[in-house]
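Me: I have a new structure open and would like to go through it. Can you take my questions as they come?

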Amino acid sequence: DTKAYIDNNYIYAKNKEEAQKCIYRNAKDIFNNRIKRIKPLFSDIPEFTLKVRKMTSRWGVCNKKSMSITLNIELITKDINLIDYVIIHELCHFEYMNHSKDYWNYVAQFYPYYKQARKLLK
């Protein structure tokens, strides 16, 4: 009995349930790969740790005190562009720990279509 696996962006599994388990199992690695691609866009992101867990009312949280970003495991079921948006949203909180006009202008520099992304994530 072989476990489902991902190879070259394809999931190999005996059924949908196994494929889903595989996606969740690999969520943190997938998120970390997206972060690796996005982080260089920023000039001053501090070192932080990534946490992944199930959350009921948020897609992500930035905690400056513990220097961590937590992403909702359910985010793995969303389109890659929405995953990138949430990562960018949380990284921008290292600069602005609020949702002020300045914060949203900052987000827009990295993700101009943030309003559409927010609607899709509601």
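Me: At what angle do helix α3 and helix α5 pack?
Reply: Helix α3 (residues 80-92) and helix α5 (residues 114-121) pack at about 110°, and their axes are 10 Å apart. That makes α3 roughly perpendicular to α5. Bear in mind that this is a predicted model.

Me: Which residues meet there?
Reply: From α3, Leu82, Tyr85 and Val86 take part. On the α5 side they meet Tyr114, Ala117, Arg118, Leu120 and Leu121.

Me: Staying in helix α3, is Asp84 buried or exposed?
Reply: Asp84, which is in helix α3, is buried, because its relative accessible area is 10% and the cut-off for buried is under 20%.

Me: And what is Asp84 in contact with?
Reply: Arg34 and Ile38, once neighbours within four places in sequence are set aside.

Me: Zooming out, how many helices and strands are in the protein chain?
Reply: The protein chain has 5 helices and 5 strands. Along the sequence the pattern is β-β-α-α-β-β-β-α-α-α.

Me: What does the C-alpha trace span?
Reply: About 55 × 30 × 30 Å along the principal axes of the protein chain.

Me: What share of the residues is buried?
Reply: Of the 122 residues in the protein chain, 38% are buried. The chain exposes about 8200 Å², with carbon and sulfur atoms supplying 49% of that area.

Me: Back to single residues. Where is Phe31 found?
Reply: Phe31 is in helix α2, which covers residues 27-38. Phe31 counts as buried because its relative accessibility is 0%.

Me: What is Phe31 in contact with?
Reply: Leaving out neighbours within four places in sequence, Phe31 is in contact with Leu50, Val52, Leu71, Asn72, Ile73, Leu75, Ile76, Ile83 and Ile87.

Me: How are Phe31 and Phe94 separated?
Reply: They are 63 residues apart along the chain, and their C-alpha atoms are separated by 18 Å.

Me: Now the surface. Which residues make the nonpolar patch?
Reply: Tyr5, Tyr10 and Tyr12 make a nonpolar surface patch of about 370 Å².

Me: Take Tyr10. Where does it lie?
Reply: Tyr10 lies in strand β2, residues 10-12.

Me: Why does Tyr10 count as exposed?
Reply: Tyr10 has a relative accessible area of 56%, and exposed means over 50%, so Tyr10 counts as exposed.

Me: Last one: what share of the contacts comes from residues 24 or more positions apart?
Reply: Among contacts in the protein chain with a separation of 6 or more, such residues account for 40%.

Methods
Residues are numbered from 1 along each chain as its sequence is written. This is a predicted model: local features need pLDDT of at least 70, side-chain atom pairs count only at pLDDT 80 or more; totals for chains, interfaces and linings use all residues. Side-chain values use heavy atoms; hydrogens and water are left out. Patches are made of residues with over 30% relative accessible area and no salt bridge: like charges are joined within 9 Å, nonpolar side chains (Val, Leu, Ile, Met, Phe, Trp, Tyr) within 5 Å. Accessible areas come from the Shrake-Rupley method with a 1.4 Å probe; for residues, only the protein chains shown count as cover. A salt bridge is a side-chain nitrogen of Lys or Arg within 4 Å of a carboxyl oxygen of Asp or Glu. Helices (H or I, at least four residues) and strands (E, at least two) are DSSP runs, numbered from the N terminus. Buried means under 20% relative accessible area, exposed over 50%, partly exposed in between (1.4 Å probe, protein chains only). Axes are lines fitted to C-alpha atoms, for helices over the stretch in contact, and angles run from 0 to 180 degrees between N-to-C directions. Angles under 35 degrees count as roughly parallel, over 145 as roughly antiparallel, 65 to 115 as roughly perpendicular and the rest as oblique. Contact means heavy atoms within 4.5 Å.
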